[in-house]
Structures are given as structure tokens and as C-alpha cells.
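User: I would like to learn how to read packing, sheets and cores in a model of this kind. Please take the features one at a time.

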Amino acid sequence: MSVTIAQVLQLPSMRRAKVIGGQGGLSQTVTSVSVLEYAQPTPLLEELFHTIEFRGSELVITGFTGIKDDVEAQLNAIRMSHMVGEVGMILYYVGIFLPRVDQRLIDLADQLDFALILMPENDKTLRYSEVITEVVEAIQRDRTSDDYFLPDVLEQVARLSPQRRSMDALLRLLSDRTHATLLLTDAYWNTLNLASWPSAQPDASGEIIARYRAAGEGAGIRRAAIQGDRGPGMNLLVQEPQEGLSQETARQCVETVRLFVNIWSERHGEAGIPELIRAILGDEPVKMQRLARLFGIDVSAIHTMWVLRPAPEAEGIQQRLAELAREVVRPQCRTVLAGPYEQDVILFLEDEGLGQNAPLLVRSLLEALDRAQLKAQLFLNHFSLTTADARSAYLTFCRHGETAARLWPGRQALTLEQARFAGQISGILAQGEGQTGACLGVLAPIREDGELLRTLEVYLLDADMEVSRTAQLMYLHKNTIKYRLARLTEKLGCPPGRMPEAAALYQAAALRRLLGQ
């Protein structure tokens with residue numbers, strides 16, 4: 001048994017609430033409740049969603065106060081919440097801060113089966129704390145009356161996106177449920193994953209291993225062998241809370257980890273470069289540091305990530321792509337991590353030895369792909385802070401890479417900034433004809449002149465505002481392009497490459513391309 005959204009709606013604090021979207025998600029399990037508010041709109045929203053640790057199966061309470069006038073940011077908040085395993089959202093203070101609930105939010109909630117719950121409108125007396133208290137109490141009562149949590153935990157993990165479905169996420173869920181510290185090691189007692197209770201506790205994995213090996217289970221630590229169907233053996237250590245753990249609770253923790261390994265990560269305990277890449281992008285810091293030490297790699301020195309995405313028709317070429325990329329890049333870089341991740345091939349490169357050689361190295365890699373007849377899109381990113389930036393960039397490529405490839409079809413290598421721009425253009429289109437028409441309005445003086453529209457599009461999007469390159473791409477003489485640019489300047493009232501006017505023209509040209517105009 002577990003608490004569902006439908007049961008939450010029966011609580012006294014929720015009886016005046018109504019479900020306005022995502023009716024199909026009312027049977028989802030709720031394991032916690034949290035508050036989601038931001039003081040800044042979309043940029044901060046994007047950053048925080050990629051750095052905050054989400055537990056999944058949460059109900060989110062929000063008033064959208066920081067983004068009350070930004071419907072696209074509100075839509076993005078729902079998409080991201082759903083992606084990290086949240087099950088629903090309770091909207092407060094509609095009519096006070098948020099003017100109204102846009103129909104697009106309701107449509108998205110219906111599409112995702114993500115429960116969208118509206119508290120009474122125009123009511124200033126509502127308090128978040130009442131719902132939080134009652135939901136938490138209901139969850140605690142349920143856990144007290146029903147100790148069989150294994151199916152619920154596996155269901156929560158299954159709802160997470162592949163990028164967040166990790167052993168760290170599973171152990172965190174189990175730790176939250178049992179108030180125990182869980183530690184997974186390989187067969188040689190090297191730490192793979194750790195979930196401490198409380199979560200803010202410093203890493204005590206070394207101490208836990210030493211205590212167990214010295215005193216066995218008499219030290220308040222239980223051990224179980226974890227054996228995957230095909231992977232190597234591992235050890236699961238469970239440091240009991242002060243009140244202890246029942247045999248049944250400990251058994252379910254062990255069984256849940258075993259099932260996770262065999263369903264989603266059958267080679268979890270095997271050290272290797274692909275596992276290090278997975279640890280970086282999957283936000284498994286303990287495992288990442290352990291593997292980095294094993295290979296003698298300074299992860300903090302890596303600030304370049306390239307993603308090779310095979311073409312849809314080129315299945316089964318990941319290994320060949322990884323081998324070719326290593327062969328091309330390794331002579332120029334001291335550290336090269338290259339291996340498969342999901343459907344892609346990831347390369348992490350150390351900056352030393354790369355520097356100004358990066359454009360030449362990109363060209364060499366693309367030429368090598370052509371010679372080997374391997375069709376793949378290359379995405380480039382230089383991240384300056386932490387591996388969380390790499391994960392955020394990868395998720396951006398996943399969401400907007402296909403759109404970016406449509407915007408720049410002639411470019412085999414695209415950047416993170418181009419993927420983000422593609423996301424912005426998609427956001428404008430998602431807002432409907434009104435916003436799209438407003439952005440296209442800058443092209444009104446040349447709307448009926450297909451020749452000038454095509455020249456402007458190629459000049460801005462494909463030729464980096466170079467006359468010679470534009471002429472080459474359009475199979476025209478340079479003087480023809482110069483003449484057309486002069487006509488564009490006359491009709492638009494400014495040179496098409498002059499900033500800041502060019503920014504609006506660039507956006508409009510991109511919209512036209514996505515619309516197929």
C-alpha cells in the first residue's frame with residue numbers, strides 16, 4: 001500500500017482543491033512534498049534543475065511567483081519536474097501572483113499524465129505548511145502500517161529519465177525510506193556508491209568499510225553480496241539507524257539493489273572508461289572519484305565535452321565511433337575519455353594540448369568520419385565549472401540537438417550555444433501564432449521577395465555573414481550577393497549584419513527555417 005495523489009486530494013487541506021490537468025496521473029505514488037520557487041526566470045530555472053538533487057515521486061508546491069508572467073518558463077518547470085520523476089504540481093495563489101493558469105499548462109499536464117492541482121483562487125489565507133504537514137503525516141502513517149516498499153521504490157526509479165536513473169538515485173530513495181546509510185562497493189572494497197543519512201553527512205565510506213571488516217555485523221553494519229546476472233560481485237553495506245532495522249527492511253533493501261543491477265545496470269561494478277563517463281553524466285560523484293583515481297585521471301582538469309550522435313539510419317556504430325575518435329584526438333590531448341553513453345558516444349578532453357588546436361582537431365575528426373563513412377552529428381561544449389555543467393549540456397543536446405541540426409543542416413559540428421538557441425526558437429513556436437508572428441514582423445518589408453528572404457537566411461544562418469561564403473553556398477557571383485545585401489539594407493533600414501538589429505533578423509530567419517517557409 002502507498003499514498004497516491006488521489007488520496008492526497010482527500011486530506012482536509014486539499015478538499016477545496018481541484019484537478020485541472022493530468023487526470024491520468026492521480027494513481028501515482030507520493031513519497032514526499034517540496035516547494036519550488038525561483039526569484040529569476042528561465043536561465044536560473046534551467047541551471048537549478050540540473051544541479052539540485054531530486055528524489056522523484058514528489059508533489060511540488062509552487063505559486064510560480066518568480067515566473068508569473070513567463071508561460072514558457074512555467075511549461076519548462078512542468079517538463080523538467082516530470083523528467084526528474086516528480087508526479088504532480090499544486091498551484092497556489094492563482095489570481096494573486098499568477099494571473100491565471102494558461103491553457104498550455106493544462107494541455108501539457110494532460111499529455112504527460114502529470115497531475116496539475118489548483119488551490120482555491122484569489123485566496124490569500126492559504127498556507128503551504130498545511131498541505132506539507134498533512135501529506136508528510138499521511139506518508140508516515142502509510143509507512144508505519146505497510147513495510148513492503150520494494151515495488152514502490154522500483155516504480156519511482158523506473159519513472160526517472162535514463163540520465164537520472166542511477167544507483168546513486170536508488171540508494172538515496174532507500175536511505176530516505178529507512179533512515180540508514182547505504183554503501184555499495186566492488187569485490188575489492190572500493191567504493192562505488194554512497195547514500196548517507198542524513199544526506200548532508202560527510203563521506204564516511206572509508207570508515208564504514210574499515211569498521212565492518214574489523215568487527216563484522218557486530219558494528220551495527222549489515223552486509224549482503226550483490227551479484228548481477230552477468231556483472232562482477234559487489235558488497236552492499238547498510239549502516240543501521242539508531243533505532244535499528246528489521247530483518248524484513250534490510251532484506252528489501254538488498255533485493256531492491258539486486259533487481260536494479262539486473263534490470264538497468266547489469267555491469268554496474270565493472271571498472272571501465274564507459275562507466276566513468278556514465279558516472280560523470282549520471283551524477284554519481286563517489287563512483288566518479290573512485291574510477292578517476294583508478295585510472296589516474298584528474299577529472300577537474302577536463303573542461304571539454306564532445307558528443308557524437310549517430311544518424312538514425314546508422315545504428316550499431318557506437319564502438320567504431322569511439323575507437324575512431326580516440327585515434328584522431330589522442331595524439332593532441334593528454335587525457336581522452338571516449339565511450340558510449342545511451343545512444344551517443346561521449347568524449348571528455350583535458351584542455352592541456354587542445355587550446356587553439358580545437359578547430360583543427362574538429363575538422364580532422366569530421367574528415368575521418370567521412371573517410372570511414374560513419375554518419376554522425378558532432379556537438380561541442382566547453383564547460384568551465386563542474387561536471388554538473390557537462391550533464392546540463394548533455395541534456396540540452398538531447399532536448400534541442402535535433403532542432404539545432406534542422407536550423408544548421410550544413411554543419412556537422414554544432415555548439416551548446418546553438419542548441420540553446422534552437423530551444424529558444426522552439427519555445428517561441430510553442431507560444432503560438434501570436435508570438436511567432438510578432439517575431440517574424442521584422443521581415444515584413446521583404447515578405448513578398450523570396451529571393452531576398454533566401455539570401456538573408458543563408459547569409460545569417462549558414463555563411464556567418466560572409467559575402468564569399470554566401471555566394472559559394474548559393475552558387476552565385478559575389479557581386480550578386482553584394483547587390484542583394486544592398487537591397488536588403490535599403491528595405492530593412494539597416495545592414496543585415498549590424499548589431500543589435502541583426503539579432504532580431506537572425507531569430508526571424510531561424511523561425512522561417514523551422515516553419516519550412
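Analyst: Start with a helix pair. F421, I425, I428 and L429 in α15 meet Y506, Q507, A510, L511, L514 and L515 in α20. Contact here means heavy atoms within 4.5 Å. Helices (H or I, at least four residues) and strands (E, at least two) are DSSP runs, numbered from the N terminus. The contact of α15 with α20 divides into nine nonpolar residues, one polar and no charged. Ala, Val, Leu, Ile, Met, Phe, Trp, Tyr, Cys and Pro count as nonpolar, Asp, Glu, Lys and Arg as charged, and the others, Gly among them, as polar.

User: What should I know about the origin of the model and its numbering?

Analyst: The model is predicted; local features need pLDDT of at least 70, side-chain atom pairs count only at pLDDT 80 or more, and totals for chains, interfaces and linings use all residues. Residues are numbered from 1 along each chain as its sequence is written, and side-chain values use heavy atoms, with hydrogens and water left out.

User: At what angle do α15 and α20 pack?

Analyst: Axes are lines fitted to C-alpha atoms, for helices over the stretch in contact, and angles run from 0 to 180 degrees between N-to-C directions. Helix α15 (residues 416-430) and helix α20 (residues 501-515) pack at about 70°, and their axes are 10 Å apart. α15 is therefore roughly perpendicular to α20. Angles under 35 degrees count as roughly parallel, over 145 as roughly antiparallel, 65 to 115 as roughly perpendicular and the rest as oblique.

User: How is a sheet read, and what is the order of the strands in the sheet that contains β12?

Analyst: Strands of a sheet pair through backbone hydrogen bonds, either parallel or antiparallel. Two strands are taken as paired if DSSP finds at least two bridges between them. In this case five strands form an open sheet with mixed pairing, in the order β11-β12-β10-β13-β14. β11 and β14 (413-415) are at the edges with a single partner strand each, so one side of each has no neighbour in the sheet. From one strand to the next the twist averages 20°.

User: Which residues stand opposite each other in this sheet?

Analyst: Take the pairs in turn. Strand β10 (residues 302-310) runs antiparallel to β12, joined by six bridges, and M305 stands opposite F348 in β12. Strand β11 (residues 336-341) is also antiparallel to β12, with six bridges; there P340 stands opposite V345. Two residues separate β11 and β12 in a hairpin, and E342 in the turn has a positive phi of about 55°. β10 and strand β13 (residues 376-382) are antiparallel over seven bridges, with F379 in β13 as the bridge partner of V307. Helix α14 (residues 387-407) lies across β10, β11, β12, β13 and β14, at about 35° to β10.

User: Are the two faces of β12 covered or uncovered?

Analyst: In a regular strand the side chains alternate between the two faces of the sheet. For β12, D344, I346, F348 and E350 are buried on one side, and V345, L347 and L349 are buried on the other. Buried means under 20% relative accessible area, exposed over 50%, partly exposed in between (1.4 Å probe, protein chains only). In strand β12 (residues 344-350), seven of seven residues are buried.

User: How many residues does the largest nonpolar core have?

Analyst: A nonpolar core is a set of buried Ala, Val, Leu, Ile, Met, Phe, Trp, Tyr and Cys residues joined through side-chain atoms within 4.5 Å. The largest one has 55 residues, and L281, M305, L337, I346, F348 and L443 have the most contacts inside it. Helix α17 (residues 450-462) gives the most to this core, seven residues. A second, separate core of 27 residues includes A325, C333, V336 and V345.

User: Which residues does T256 touch?

Analyst: T256 is found in helix α9 and is buried, with a relative accessible area of 0%. Not counting residues up to four places away in sequence, T256 touches L150, V153, L154, L170 and L174. In helix α6 (residues 150-159), the buried residues include L150, V153 and L154. What covers the buried residues of α6 includes α7 (167-178) and α9 (247-264).
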